[in-house]
Amino acid sequence: MTTPGYVLFRLGERTFATALTDVREIVRLTGLESLPGTAPPLAGVLVLRGTPLPVLDVREQGRADEGDVLVMDVDHDTVGVAVDAVLAVLHADELPDGDPPARTLPSYVVGVRRHSSAAAGDVPVLLVDLRLLLDTTAPGWVDRLSPIQT
């Protein structure tokens, strides 16, 4: 089964993509409130349409409260993943099949593609499974969300 499309985003100097079906919506990272007693990767909470949204930050340390948030449903909870910038939402044919990932890459990298654009030229894109990325970033992070959901 092929994905209907991808969300192309930037973390640091690298370009990544994830299946569009894994992302419920994309919002700007504004108004992030930190919570006492939380530790990375939990960056804080955004209030999204009156509901607190825990935001996990997989960006490089020391990033400012700017960027975008990929909102996704994980294990019956809604969470946000902070990224430096969402670059585009692509149809499947705009990010054609490429090489399988090298075994030396982390398990969350599920493919290597290339994307061409007028602005950036031909750039390598790491296709990632966000759920696997979050699992490797901080095992057990889902368990720490429950106090926020009250």
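Are Phe9 and Phe16 buried or exposed? Select the two residues to begin: Phe9 is buried, and Phe16 is buried as well. The model on display is a predicted one.

**Stop 1: the aromatic pair**

Keep both side chains in view. One aromatic pair is counted in this model. Phe9 and Phe16 form that pair, with stacked rings whose centres lie 5.8 Å apart and whose planes make an angle of 15°.

**Stop 2: the five-stranded sheet**

Next, switch to a cartoon view and colour the strands in the order E3-E6-E7-E5-E4, which is the order of an open sheet of five strands with mixed pairing. Strand E3 (25-28) and strand E4 (42-48) are the edge strands; each has a single partner strand, so one side of each has no neighbour in the sheet. On average, and ignoring direction, neighbouring strands of this sheet are turned by 35° against each other.

Then select E4 together with strand E5 (residues 51-57). The two strands run antiparallel and are joined by six bridges. Within this pairing, Leu42 can be picked out opposite Leu56 in E5.

**Stop 3: Asp68 in strand E6**

Move to strand E6 (residues 68-74) and select Asp68, which belongs to that strand. Asp68 has a relative accessible area of 8% and is buried, because the cut-off for burial is under 20%. Display its polar contacts: the side chain of Asp68 is joined to that of Arg28 by a polar contact of 2.7 Å. A polar atom of the Asp68 side chain also lies 2.7 Å from the backbone nitrogen of Val86. Beyond four places in sequence, the contacts of Asp68 include Ile26, Val27 and Leu29, as well as Val81, Val83 and Asp84.

**Stop 4: His91 in strand E8**

Select His91 in strand E8 (residues 85-91). His91 is exposed, with a relative accessible area of 55%. Leaving out neighbours within four places in sequence, His91 is in contact with Pro4, Gly5 and Tyr6. Draw a C-alpha to C-alpha distance from His91 to Val7: the two residues are 84 residues apart in sequence and 9.1 Å apart in space.

**Stop 5: His115 in strand E9**

Finish at His115, which is found in strand E9 (residues 109-117). At 10% relative accessibility, His115 counts as buried. Show the residues around it: not counting those up to four places away in sequence, His115 touches Leu8, Leu90, Glu94, Leu95, Gly121, Asp122, Val123 and Val125.

Notes
Residues are numbered from 1 along each chain as its sequence is written. This is a predicted model: local features need pLDDT of at least 70, side-chain atom pairs count only at pLDDT 80 or more; totals for chains, interfaces and linings use all residues. Side-chain values use heavy atoms; hydrogens and water are left out. Helices (H or I, at least four residues) and strands (E, at least two) are DSSP runs, numbered from the N terminus. Buried means under 20% relative accessible area, exposed over 50%, partly exposed in between (1.4 Å probe, protein chains only). Contact means heavy atoms within 4.5 Å. Rings of Phe, Tyr and Trp (its six-membered ring) pair if their centres lie within 6.5 Å; planes under 30 degrees apart count as stacked, over 60 as edge-to-face and the rest as tilted. Two strands pair if DSSP finds at least two bridges between them. Axes are lines fitted to C-alpha atoms, for helices over the stretch in contact, and angles run from 0 to 180 degrees between N-to-C directions. A polar contact is a pair of N or O atoms within 3.5 Å; within protein, one must be able to donate a hydrogen and the other to accept it, and residues adjacent in sequence count only if both atoms are side-chain atoms.
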